[in-house]
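Please keep the sequence and the structure in view while reading.

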Amino acid sequence: MRRFGRALTLMLLLACISTALATFAQTPSSTQLLLREGWTIQSSADVSVPGELVSTPGYAPSGWYKALMPSTVIATLVRERVFPDPYVGTNLRTIPGTTYAMGSNFSNLPMPPGSPFRVPWWFRTQFQVPQEYAGKTVWLHFSGINYRASVWLNGRQIASADKMAGAWRVFEFDVTRLVTPGQTSTLAVEISPPQPDDLAITFVDWNPLPADKDMGMWRDVYLTASGPVTLRYPQVISRLDLPSLDKAHLTVTAELHNATDQVVDGTLKGKIESLEFSQPVSLPPQGSQTVTFSPDKFPQLDLSHPRVWWPYDLGPQNLYNLDIRFETSGKISDAQTLTFGIREISAVLDAHDHRLFRINGKNILIRGAGYTFDMLLRTDPSRQDAELKYVKDMHLNTVRLEGKLED
């Protein structure tokens, strides 16, 4: 089963790529405020007041541990030298709750009795809401929580653990009525660890799983502001004329959401270098819509002589920018920039049922290796850069993510 699971993971990764999604990096709107500094964490066993009080300015944390986000509980405790570096010797086994049998898959086991990580942990911070958010809709975003969370902001609960669950999900909340631009807000998040049957982060045999099962906020938390309509998840899908590569057919999509209780009429506008395209959109109250620009209706998206993206050992990694925005009443409600490459990846079976992969119409031999997270889900750009240099030095062209989505 393990061998089959790994093969399936590789196929899932390549299947995702074969849809020719050309997205590489998404830049949120310029209003983004990352909430990375000023956090403290503490076990709920040592906090005797409810979230309504923890999330108020008057609450004074005592004995809490300083933290930088993103972070799991144990990552913070290692950083604060509560526990030793688990990568050294047998230090991992000295952390309370690490009593599972060596070699077992801890993610499939319950937390042992007496573990300090059987109970939820609190994550708390205070931040100043930018003055330029005045008059706009304010959104609080969670890019990754492991595994369940209840959230309070300025004394009000905005999410509960029965609804806010899943390590791979993203969440956003309209907090306009709970914050005041120019003033300080207090955010408190109570996070519970995954249970044995949860689809959470697991290493199987790549790493031991830490005693907290990587409980925490393992991706960014941030604020944004928009007009009445938000723009989310822009995407460019490319199809090429093969084998000539002399024309690319681009399809652009984006999701719009009307945060108001009234109909909002506006225009979604996009630009890729000198190519411009737009279409009117009418959104019902609290309504959402995926808007598509396809070449059959927008012939300017048939791009002649495109700069094609190739794997590093076959050619240059040419990139384009998509600037996309939604305008209503003569104002920009929301906007994003997307960096993408024009490419087409496919897979076919030959007469012997061997799978052949192709990039831009050219056969490519998949030469890959597995890659996994740091055991404590810590992100280190310099380490990632070094590891990818190793990948290139070994002349590999594929990285298998084992079902985990890195940053």
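Ala 149 has Ile 191 as its bridge partner in strand 12, and this pair belongs to the six bridges that join strand 9 (residues 148-153) to strand 12 (residues 184-192) in antiparallel fashion. The model is predicted, so local features require pLDDT of at least 70 and side-chain atom pairs pLDDT 80 or more, whereas totals for chains, interfaces and linings use all residues. Residues are numbered from 1 along each chain as its sequence is written, and side-chain values use heavy atoms, with hydrogens and water left out.

**Sheets**

- Helices (H or I, at least four residues) and strands (E, at least two) are DSSP runs numbered from the N terminus, and two strands pair if DSSP finds at least two bridges between them.
- Six strands form an open antiparallel sheet in the order 4-3-6-12-9-10, with strand 4 (65-67) and strand 10 (156-159) as the edge strands, each pairing on one side only.
- Two bridges join strand 5 to strand 13 (residues 216-217), and Thr 72 stands opposite Gly 216 in strand 13.

**Nonpolar cores**

- A nonpolar core is a set of buried Ala, Val, Leu, Ile, Met, Phe, Trp, Tyr and Cys residues joined through side-chain atoms within 4.5 Å, and buried means under 20% relative accessible area, exposed over 50%, and partly exposed in between, with a 1.4 Å probe and protein chains only.
- The largest nonpolar core has 57 residues, and those with the most contacts inside it are Phe 117, Phe 123, Phe 142 and Leu 187.
- Among the elements that each supply at least two residues of this core are strand 6 (121-128), strand 7 and strand 14 (221-226), while its largest share, five residues, comes from helix 3.
- A second, separate core of 36 residues includes Leu 283, Leu 322, Ile 359 and Ile 364.

**His 141**

- His 141 is found in strand 7 (residues 137-142) and is buried, with a relative accessible area of 6%.
- The side chain of His 141 makes polar contacts with the side chains of Glu 172 (3.3 Å) and Thr 224 (2.7 Å); a polar contact is a pair of N or O atoms within 3.5 Å, where within protein one must be able to donate a hydrogen and the other to accept it, and residues adjacent in sequence count only if both atoms are side-chain atoms.

**Backbone features**

- The peptide bond from Asn 146 to Tyr 147 is cis, with omega near 20°, and Tyr 147 lies in the loop between strand 8 and strand 9.
- The peptide bond from Leu 242 to Pro 243 is also cis, with omega near 5°, and Pro 243 is in the loop between strand 15 (229-240) and strand 16 (247-258).
- Lys 213 has a positive phi near 55° and is buried, with a relative accessible area of 1%, whereas Tyr 233, with a positive phi of about 50°, is partly exposed at 46%.
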